[in-house]
Amino acid sequence: MTIELRDVSKQYGGGSVAFLALRDVNLVLNEGDFISVVGPSGSGKTTLLNIMGCLDVPTTGTVLVDGQPTEKLGDFELSKIRKEKIGFVFQDYYLNDSMNALQNVMLPLEFRGRSNKKEVAAKLLESVGLGDKLHNFPTELSGGERQRVVIARAMANKPKYLLTDEPTGNLDSVSSKKILDLLRELNSERDVSVVIITHDKDVASITKKQIKIVDGMVV
Amino acid sequence: MWWIIYAYLKRRKIRVFLTMLGVAVGVATLFTILSMSGGIDLSINQQMQDVGAQIFVIPFGHRHHKIMGLLDGEAVGTMPSSVHPQVKGVDNVKLAVPIFLKKAEMNQLTVLPVMGTTKEMAELKQWGYIEDFDGAVLGSFESIGRGILEGDVILLESQHSIELKVIKTLEETGTHEDHYVFIPLTSAQELFGEEGNISAIFVTMEDPEKAAETVTALNQIENVDAVYAHDAFQEILDTFSTTKANMILITGIAIVAGAFTTINTMTMAVYERKKDIGLSRAVGATQMDIFTLFMVESILLSIVACIIGILIGYAFLNIYPFIVPLSIGGIQSSPYYSLHNVLLCFIIAYGVGTISGIYPAISAARLAPIDALRGL
């Protein structure tokens, strides 16, 4: 059970404005891994995460999810991988403002065609300590609470891989600790492989393995 | 899926309402026109059955104008009574009922159509037996509506004044004849100062299969025009159909304008919800899921707008006749509500929703997940 990147490069634009965000990256995320990817702004961390999560496609190279090359997969198969195997946590939360916390967590369950969406979503929110805020809209939640909703949403379809992009980037220290504890718990107790993109050394220090990326290259 | 759409619609209530109003106004207009014209069609057909005559013999010239006059209770032109025996003598003529039709004042209260005719009219109209047609026969509206009973005396005034005893009151027919007063032909000629003249002759045939031959034979009589009643009504219906088609065409423009409002709203929604689309794609939504969400939302908007439009149309039709009575060619009518019209409105709304949704839905589905998340 792995996500493997083989000689992955990603180029944005072309000609004189071409920008190489990733250069020949080779990386393996194994079952149960707890990895942090550190590096300065613009080093290609988020691009790496997006490619690992099949949200973006590499310009060259191959991404294998559980041994399956993804470059020739169509929209349906890629969506199926995201739906069933991968959970995302974004720095900017990306919560749907038209939906309350419960509905935001129900969203992935809806696309998976689950019937008991409400019950599952409510349990997930309770598990992240938001049992009393099911019907609050994102604007009615604090930064830490929003990020916990995002984690609950990411866990809705019981993914094997949880890819998080600066999960504590917008949070105070107390909220950050709660989020990191939650991620550690998911990794240790539910055996979810977790990747944390961060530029914060303290955050990186809690992971089992650290990867440094500079100018699109793993160093 | 419905709850996702509901969440979006609920968040933007005013815009959703205004968008729906655009389509609703178009549907309301269509429903109103269809129901009005349906009622008029029905009234014309009802009139065809109730008039009783299979052939109209009218003074020569301006046929359409004269037929409309007969239906409007104000005949145009006259011909001499001497035509009557000639008409009666034509082969296949069963009944030839002469009439004189004009409007007069009754009891110094109201102006209404007065039809002078003969006893044969009772047979033509199937009023039942009348021994002596020497008084007035009142349409139901005039008797019930004004509290006039059999045995009462009414005063009619035009060129001259006459007083007549009411010998019969008629059952309601739902046609304009409910507003008529039927009196002996000679009394009508005296009332209007037209002794020796008649407005038309209503003819029935022994064998309706020979209508064409009978009309041809009747047209041999000098200075008269014989018209097969079916053709006359058909001509009115055709004239009305053209008007109806034009009205529906104009309504079509209103509906297209409504569709553009929906396209605009849905296209705006794609831009506004880019991040939400990206988010949905990140949590596993396929392109088809996104396409379906936008299509269903667009169709749902149009269908709800259709329901609102039908309700507006229904309300309007219940108020409008109090302002302007529905009438064509003197034939009063009421709106005709049919399931067919309702279904037609729904089909059109469904079409508007589908067409309006296609472009925004394709645009939304085609967004690359990562670009959508970045709001690009």
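**Notebook: chain A, folds and domains**

I began with the secondary structure and found 7 helices and 10 strands in chain A. A reminder to myself: this is a predicted model.

Next I looked up the overall dimensions. Along the principal axes, the C-alpha atoms of chain A fill a box of roughly 50 × 40 × 35 Å. I then checked the radius of gyration, and chain A has 17 Å; a compact globule with 219 residues would come out near 17 Å, so the two agree.

How much of chain A counts as buried? I noted 49% of its 219 residues. For that entry I took a residue as buried when 20 or more other C-beta atoms lie within 10 Å of its own.

I also looked at contacts along the chain. Taking those in chain A between residues at least 6 apart in sequence, I see that 69% join residues at least 24 apart.

Then came the domains. Chain A splits into domain 1, made of 2–85 + 159–218, and domain 2, covering 94–156. I have the centres of domain 1 and domain 2 of chain A, over C-alpha atoms, separated by 23 Å. Where they touch, domain 1 of chain A gives 11 residues and domain 2 of chain A gives 11 residues.

Which element supplies the largest share of the domain 1 side of this contact? I found helix 6 (residues 173–189) of chain A there, with 5 residues.

Methods: Residues are numbered from 1 along each chain as its sequence is written. Chains are lettered from A and ligands numbered from 1 in the order in which they are written. This is a predicted model: local features need pLDDT of at least 70, side-chain atom pairs count only at pLDDT 80 or more; totals for chains, interfaces and linings use all residues. Domain bounds come from an automatic or database domain assignment. Two residues are in contact if their C-beta atoms, placed from the backbone, lie within 7 Å. Helices (H or I, at least four residues) and strands (E, at least two) are DSSP runs, numbered from the N terminus. The radius of gyration is taken over C-alpha atoms; the globule rule is 2.2 Å times the number of residues to the power 0.38. A residue is buried if 20 or more other C-beta atoms lie within 10 Å of its own, exposed if 12 or fewer, and partly exposed in between; C-beta atoms are placed from the backbone.
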